[in-house]
Amino acid sequence: MRIKSLALLRQEAAESGEQTLKRSLGAFNLVAIGIGVIIGAGLFSLTGIAAANHAGPAVTLSFVVAAVGCAFSALCYAEFAAMVPVAGSAYTYAYATLGELFAWIIGWDLVLEYSVGAATVAISWSQYLNRFLGTFGLHLPPQLMLSPFETATGADGSVVSGLINLPAVLIVVVITSIIVRGTSGSALFNAVVVVLKVLVVLVFIAIGWNYIDPANYQPYIPANTGTFGEYGWSGVLRGAGVVFFVFIGFDIVATMAQEARNPQRDMPIGIIGSLVVCTILFVVFGYVMTGMANYTEFKDSAAPVAIAIDKTPYPWLGQLIIGAILIGYTSVILVDLLGQSRVFFSMSRDGLLPSAFSQVHPRFRTPWKSNVLLCVFIGLFAGFVPIRVVGEMTSIGTLLAFVMVCLGVLILRKKQPDAPRAFRTPWVPVVPILGIITCAVMMFSLPGDTWLRLIIWLAIGLVIYYTYGRKRSKLTSTAP
């Protein structure tokens, strides 16, 4: 339960030299990083699912409700990020308020969100790449698109076994090489990718606006069927729970605090700004999509945007959307890898992980060994494990981190009310408490197998902590 003092954290933030991360990110870079991971392929699929099954055209209200729920946590993240501008995000904040054991649990738990999530997205990216190339008559050999545990049936009925999902491995390697060469270069690449996929969303909105049929908005909130969550206001709330996971990602901005040029000012802008921009885009996107086609048409569709595009005379727009999904996945992989390496960097500097994870490249000033090790680990998962085993990106780790950060703000306001805060979460304790309640409800709404995976993963982490990290922690020598 030993706590890392704010004074020690601020000392680390003020350090300079070859073994420190380079401060090269401005407010725009941080907002772009947040947008880069928030706007992914989920926008093009979950919007239709939430509209068809729960909210109808009122899916726009579901986006607003979900954004408000995220905002509670975002405001708490912003206070910590400005107050303790070091890498590590929720891990570091838990270390300063709840103690080392809780910090380890959060740090280990975030691996589920970042590393396993990056592998899953890489596999899906590979599938979309094959579909995109197929529109031009190009097809990659199935042996190089599948893991050794998967098979594909050809047009002639022959069964082919996979060898390696090569595109998934290559995208991880390419993104890692960009990250290793410097955060500013990674931020520039991410900014370009973000601009491209935001443009695609804007193109869809601009073209689709001309094909809106006002009749599709009647009724705006369909009458409830008698079952909670099936239309009506309960459907709007259930829809918010579905689209909530589209917003997850702004927390990764907090992992970059030690590379922000002016963290006290720029971190709150990056965290809250990315959430605001994405909320506006999502609401308008949902409004246009449900106006182009009746929400009932999206039922049981994995590609609801394609249904909306069919209402226009522009079939090329479908290819553009697939391109946007590819671009979106690329930036999600990049930001996931950035976030994971920064969490490991902080855990390594604290002695809880081997020193290799915190060794900084003398020229690029990035934790390059951590990046390379993660590249190998994630690349193996992406290339040799089926997507059904890797599983969908789990959100339970993120929600747990949100709860810890909100709780941390409450604790620190009580223990150190006079500590300098460049940004203060408004309406404390109301905002943190609402953040805890919102995220806890989301966690308990998740299926049992998600909780089982979390418990098993945390058990493995605790074994590592008690056999390695606890004895080598840099706070061991100062513990009473």
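The model is a prediction, in which local features need pLDDT of at least 70 and side-chain atom pairs count only at pLDDT 80 or more, while totals for chains, interfaces and linings use all residues. Residues are numbered from 1 along each chain as its sequence is written, and side-chain values use heavy atoms, with hydrogens and water left out.

Helix 7 is considered with two partners. Helices (H or I, at least four residues) are DSSP runs numbered from the N terminus. Axes are lines fitted to C-alpha atoms, for helices over the stretch in contact, and angles run from 0 to 180 degrees between N-to-C directions. The axes of helix 7 (residues 166-180) and helix 13 (residues 316-349) cross at roughly 60° and come within 10 Å. Helix 7 is therefore oblique to helix 13. In this scheme, angles under 35 degrees count as roughly parallel, over 145 as roughly antiparallel, 65 to 115 as roughly perpendicular and the rest as oblique. The crossing of helix 7 with helix 13 is right-handed; a crossing has this hand if the near helix is turned clockwise from the far one by less than a right angle, and is left-handed if anticlockwise.

On the side of helix 7, Ile171, Val172, Ile175, Thr176 and Ile179 meet Thr330, Ile333, Leu334, Leu337, Leu338 and Arg342 of helix 13, contact meaning heavy atoms within 4.5 Å. This contact of helix 7 with helix 13 comprises 8 nonpolar, 2 polar and 1 charged residues. Ala, Val, Leu, Ile, Met, Phe, Trp, Tyr, Cys and Pro count as nonpolar, Asp, Glu, Lys and Arg as charged, and the others, Gly among them, as polar.

Helix 7 also packs with helix 14 (residues 368-384), at an angle of about 170° and with the axes 9 Å apart. Helix 7 and helix 14 are therefore roughly antiparallel to each other. Their contact joins Ala168, Val169, Val172, Val173, Thr176, Ile179 and Val180 of helix 7 to Trp368, Asn371, Cys375, Ile378, Gly379, Ala382 and Gly383 of helix 14. By class, the residues in this contact of helix 7 with helix 14 are 10 nonpolar, 4 polar and no charged.

Aromatic pairs were examined next. The structure holds 15 aromatic pairs. Rings of Phe, Tyr and Trp (its six-membered ring) pair if their centres lie within 6.5 Å; planes under 30 degrees apart count as stacked, over 60 as edge-to-face and the rest as tilted. The pair of Phe63 and Phe282 is tilted, because the ring planes stand at 45°, with centres 5.5 Å apart. Phe63 belongs to helix 4 (residues 59-83) and Phe282 to helix 11 (residues 263-292), so the pair links distant parts of the chain, 219 residues apart. Phe63 is buried, at a relative accessible area of 0%, and Phe282 is buried, at 0%. Buried means under 20% relative accessible area, exposed over 50%, and partly exposed in between (1.4 Å probe, protein chains only).

The rings of Tyr217 and Tyr287 are stacked, because their planes lie at 15°, with centres 4.6 Å apart. Tyr217 is in the loop between helix 8 (183-209) and helix 9 (232-247), and Tyr287 is in helix 11, so this pair ties together parts 70 residues apart in sequence. Tyr217 is buried, at 8% relative accessibility, whereas Tyr287 is partly exposed, at 30%.

Tyr211 is partly exposed, with a relative accessible area of 28%. The C-alpha atoms of Tyr211 and Met292 are separated by 5.7 Å, although these residues are 81 residues apart along the chain. Apart from neighbours within four places in sequence, Tyr211 is in contact with Gly291, Met292, Lys311, Thr312, Pro313 and Tyr314.

Most residues other than glycine have a negative phi, and most peptide bonds are trans. Within the loop between helix 8 and helix 9 lies Pro219, and the peptide bond from Gln218 to Pro219 is cis, with omega near -5°. Tyr231 is found in the loop between helix 8 and helix 9 and has a positive phi of about 70°. Tyr231 is buried, with a relative accessible area of 13%.

Pro429 is placed in the loop between helix 16 (396-415) and helix 17 (430-444), and the peptide bond from Val428 to Pro429 is cis, with omega near 15°. Trp427 lies in the loop between helix 16 and helix 17 and has a positive phi of about 55°. Trp427 is exposed, at 67% relative accessibility.

Conventions:
Helix = DSSP H or I, 4+ residues; strand = E, 2+ residues; numbered from the N terminus.
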